[in-house]
Every structure is written in C-alpha cells, then in structure tokens.
Amino acid sequence: MLDDVFIRADHLVPGSSVFLKLEGLNPAGSVKLKTAVALVAQAEESGREFPRTRLIESTSGNLGVALAMVCAAKGYRLTCVTDPNANAQSMRLMEALGAEVVVIDVRDGNGGYLQSRINYIRDRVAREPNTYWLNQYANPAGPQAHRDRTGRAIFDELGHVDYAFIGAGTTGTLMGCAEFFRQHSPATRIIAVDSVGSVSFGGPPARRHIPGLGTSRRPEILDEGKIDEVVMISEAAAVEMCRMLAEERGLLLGGSSGTVLSAVQEKAKEIPEGSVVVAISPDLGERYLETIYNDSWVADRWPELTYQEISEISQAGA
C-alpha cells in the first residue's frame, strides 16, 4: 500500500504550506484498504473458521470495495450491505470481486440508512451463525491501523504539523491519526471535518446524498476528547470544491476530499502564516463521475451549483 504520496495545495491557505495526502492511489482506490486489511485480520484472530465463515459489513462504498479485494485474495465469502447513496460503480466493483451486495432502501430514524443497514446485519447474523460482522463502527482494529500507518506516514514525511484536517465518516481514520498525534505531536491541532446533516457530533440530522463522510448514527469508536475542533461542511460546498479543483488544478477528487478541503479553505483566515497544514484525501474522483461531476445529478440536488456558475466562480477567482 502507498503511504507516502503528498501533493501541495498551498493556494488554500496563502502564506502556509498545505499538504494533501492522496489515499486514492492505494490498490483498492481509497484509504479504506488499510481498514479492510485490519478488520479481516481481526476476524482471523477471533478464532472463526475460514473459509466456512462469511464476513459481513455495512459500507457506503469504498470499504466494501477494499474488503471485496482482500476477501477475494484470501478466498473468503463476503456480504456488503449498502444503500441507494452508494455509487453504482462501487457496487459493481464489489460484485466483480465476488462479494454479495445487499442494498437497503429503508431510511432510519435520522433520515439516513446506516441504522437500517446495521439492523439488517444483526438480523442476518442471528439467523446465520456462520456469518461474522466486522463492525467498523466499534472495532478498534480500524483506528489502530490508521494510528500505525496513516498517522505514522504523515509524521514520517512531514515531521512538524500544525493542523491536521481529517474527515469523519466511521471515524476510524480520524481516531487513529488523532491518537498518533496526541502521543507523538501533541501540539498538532486535530480538525475533524463532517458533513452537514450528520449526527456524529450531535448535529441535527438531515438528508445527505454523497457517500463517505457523515453518519446517521454515532460510531462507538468516536472519542471527541482527542479532537480539537469540528468543522461542518455542506454537501453543496464539497461539490463546488471538487469541481473547482478539477477545473483549476486538474485534481479529480472524491466527495470526502472536497469536504475536507472546503474545511481547510473555511479555516484559512484563522491559520497563522507559516503553518504546516495536512489534509487527508480519502479517495479520487473516478467513482463520482456520475454524481458530483455529473451536471444533471448536481442540478437536481443543488440548482445553485450548475456547471456554468461553478465555471464563472472559478474564472473570477483566477
């Protein structure tokens, strides 16, 4: 797995050094490969009998692809439980790698699908004793992988870091990196980035359209005591950032990356000149071509963000 690919994005915080850690170059196409390897290893260490055991996990897309890759290589059976917000390409990738894909279309009490996905998993595990839930929302193996790999890689590459902007989905990457920096660089300010409509940090629930960041159920592994600040970003702002970076910088990034970089831009005026800033980009944009990079899809959800208006904004800022 590639852990050392960084590009500069200094324009987001003038006068400071901004490093974007690209996780989309990992073989599975996202930061979730590290999580997948760790979760499967934990299952193996639990004493379950393989390949008799079927693994099952809730996923908005990227983890499912990563798990399908790992399970295919090991000859394990896998079920990925997802929902209508997942990218069609991600679902096809899971299936191509041999995973069973179950799409849950019943919304939970917070307007999302996460609790409904988890309810399905619990029911199925109860019915099928040979099915084992990996449970990324509560499994400490996920954060540990990012403490040992992602956090360590940032520190080894950059050394001194003043601000670390990290997206909050299941919060495994966030918690792992926060734990590493709390131990090795306690002065680093950890900024958690979440989507408006997510309930992870106690905000009001609202319907969301982009998979990745945000949850409709607080993850058990989340420990706010390791975080300095939470920044909430609207999905419209994330889409705008993604499309402006594609047009202006030639960077095709995923929705989670656009959310994180929107937070960097929002906090730029508060960051002292000369600071070292790192932001984690969980994945690239190829899996979002039919969503956030599709004019019709964007216009249906955020009419104010038509491609023409984004182009005009980009040209005005050039």
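Predicted model: local features only at pLDDT ≥ 70, side-chain atom pairs only at ≥ 80, totals over all residues.
Residues are numbered from 1 along each chain as its sequence is written, and side-chain values use heavy atoms, with hydrogens and water left out.

An unreviewed UniProt entry annotates residues 14-283 as "domain: Tryptophan synthase beta chain-like PALP"; UniProt positions are given in the numbering used here, feature names are shortened, and such annotations may be inferred rather than shown by experiment. Across residues 14-283 the chain is 40% helix and 17% strand, with the end C-alpha atoms 25 Å apart; helices (H or I, at least four residues) and strands (E, at least two) are DSSP runs, numbered from the N terminus. The protein chain is divided into domain 1, which comprises 6-25 + 147-303, and domain 2, which comprises 31-133, these bounds coming from an automatic or database domain assignment. The contact between the two domains takes 23 residues from domain 1 and 21 residues from domain 2, where contact means heavy atoms within 4.5 Å. The C-alpha centres of domain 1 and domain 2 lie 24 Å apart.

Val5 is placed in the segment before β1 (6-8). With residues up to four places away in sequence not counted, Val5 touches Leu20, Lys21, Leu22 and Leu25. At 22% relative accessibility, Val5 counts as partly exposed, given that buried means under 20% relative accessible area, exposed means over 50%, and partly exposed lies in between (1.4 Å probe, protein chains only). Val5 and Arg301 are separated by 296 residues in sequence and by 33 Å in space, C-alpha to C-alpha.

Most residues other than glycine have a negative phi, and most peptide bonds are trans. The peptide bond from Phe50 to Pro51 is cis, with omega near 5 degrees, and Pro51 lies in the loop between α1 (32-45) and β3 (54-58). Asn135, a residue other than glycine, has a positive phi near 55 degrees and is found in the loop between β6 (131-133) and α5 (141-158); with a relative accessible area of 17%, Asn135 is buried. Thr171, likewise not a glycine, has a positive phi of about 75 degrees and lies in the loop between β7 (163-167) and α6 (172-184), where its relative accessibility of 2% places Thr171 in the buried class.

Side chains of opposite charge can pair when their charged atoms come close. The structure holds 20 salt bridges, a salt bridge being a side-chain nitrogen of Lys or Arg within 4 Å of a carboxyl oxygen of Asp or Glu. In one of these, the side chains of Glu44 and Lys74 meet at 3.2 Å, N to O. This pair links distant parts of the chain, since Glu44 belongs to helix α1 and Lys74 to helix α2 (residues 62-74), 30 residues apart. Both partners are partly exposed, Glu44 at 28% relative accessibility and Lys74 at 42%.

A salt bridge also joins Arg147 and Asp148, the closest N and O atoms being 3.0 Å apart; Arg147 is partly exposed at 24% relative accessibility, and Asp148 is partly exposed with a relative accessible area of 39%. In the salt bridge between Glu229 and Arg189, the closest N and O atoms are 3.5 Å apart. Glu229 lies in strand β9 and Arg189 in strand β8, so this pair ties together parts that are 40 residues apart in sequence. Arg189 is partly exposed, with a relative accessible area of 32%.

Val196 is found in the loop between β8 (189-195) and β9 (229-233) and counts as partly exposed at 44% relative accessibility.
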